Amino acid sequence: MFKSFQFVLPTRIVFGSGQVATVGEEVSRLGNKALLVTPKSFRNSGLAEKVERSLSAQGIPYEI
């Protein structure tokens, strides 16, 4: 017999030029730390560095 349950997955998508700079603000609404799981291409593209800067600017500790 299965027990009943609910699964809620709220999604917020922020899209547009320069929006990667707002990652820190978005994360601060959800919690106080971040874990970045990224493919090598994400780091090679320079996006990871932008995300790290945004997180740091908001004082959010992160692990890669």
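Visitor: What share of the 64 residues in the protein chain is made up of buried residues?

Guide: In this predicted model, buried residues make up 19% of the 64 residues in the protein chain.

Visitor: Why is Gly24 called buried?

Guide: The word is used for a relative accessible area under 20%, and Gly24, which is found in helix H1, has a relative accessible area of 0%, so Gly24 counts as buried. Leaving aside its neighbours within four places in sequence, Gly24 is in contact with Ser54, Leu55, Gln58 and Ile60.

Visitor: What makes Glu52 a buried residue?

Guide: The relative accessible area of Glu52 is 14%, and because the cut-off is under 20%, Glu52 is buried. Glu52 has its place in helix H3, and, when residues up to four places away in sequence are not counted, Glu52 touches Leu36, Arg43, Tyr62 and Ile64.

Visitor: How do you know that the buried residues of helix H1 lie on the same side of H1?

Guide: The buried residues of helix H1, which covers residues 23-30, are Gly24, Glu26 and Val27. They cover an arc of only 160° around the axis, and therefore they lie on the same side of H1. In an α-helix there are 3.6 residues a turn, so residues three or four places apart point the same way.

Visitor: What covers the buried residues of H1?

Guide: The cover includes strand E1 (34-35) and helix H3 (47-57).

Visitor: How does the radius of gyration of the protein chain stand against that of a compact globule of 64 residues?

Guide: For a compact globule of 64 residues the radius of gyration would be near 11 Å, whereas the protein chain has 15 Å. Taken along the principal axes, the box filled by the C-alpha atoms of the protein chain is roughly 50 × 25 × 25 Å. As one example of a distance within the chain, Gly24 and Ser4 are 20 residues apart in sequence and 36 Å apart in space, C-alpha to C-alpha.

Visitor: What makes up the secondary structure of the protein chain?

Guide: There are three helices and two strands, and from the N terminus on the elements run α-β-α-α-β.

Visitor: Which residues are the closest to the centre of the largest pocket?

Guide: The largest pocket holds about 320 Å³ of space, and of the 13 residues that line this pocket, the closest to its centre are Arg12, Ile13, Val14, Glu26 and Leu30. By class, the lining has seven nonpolar, three polar and three charged residues.

Terms used: Residues numbered from 1 in each chain as written. Predicted model: local features only at pLDDT ≥ 70, side-chain atom pairs only at ≥ 80, totals over all residues. Heavy atoms only, no water. 1 Å grid on protein atoms, 1.4 Å probe; cavity = no way out; pocket = protein on both sides within 12 Å on 5 of 7 lines; lining within 4 Å. Points joined across faces, edges and corners; volume = space filled by probe spheres on them. Nonpolar A, V, L, I, M, F, W, Y, C, P; charged D, E, K, R; others polar. Buried < 20%, exposed > 50% of the residue type's maximum accessible area, 1.4 Å probe, protein only. Helix = DSSP H or I, 4+ residues; strand = E, 2+ residues; numbered from the N terminus. Arc of directions from axis to C-beta. Contact = heavy atoms within 4.5 Å. Rg over C-alpha atoms; globule rule 2.2 N^0.38 Å.
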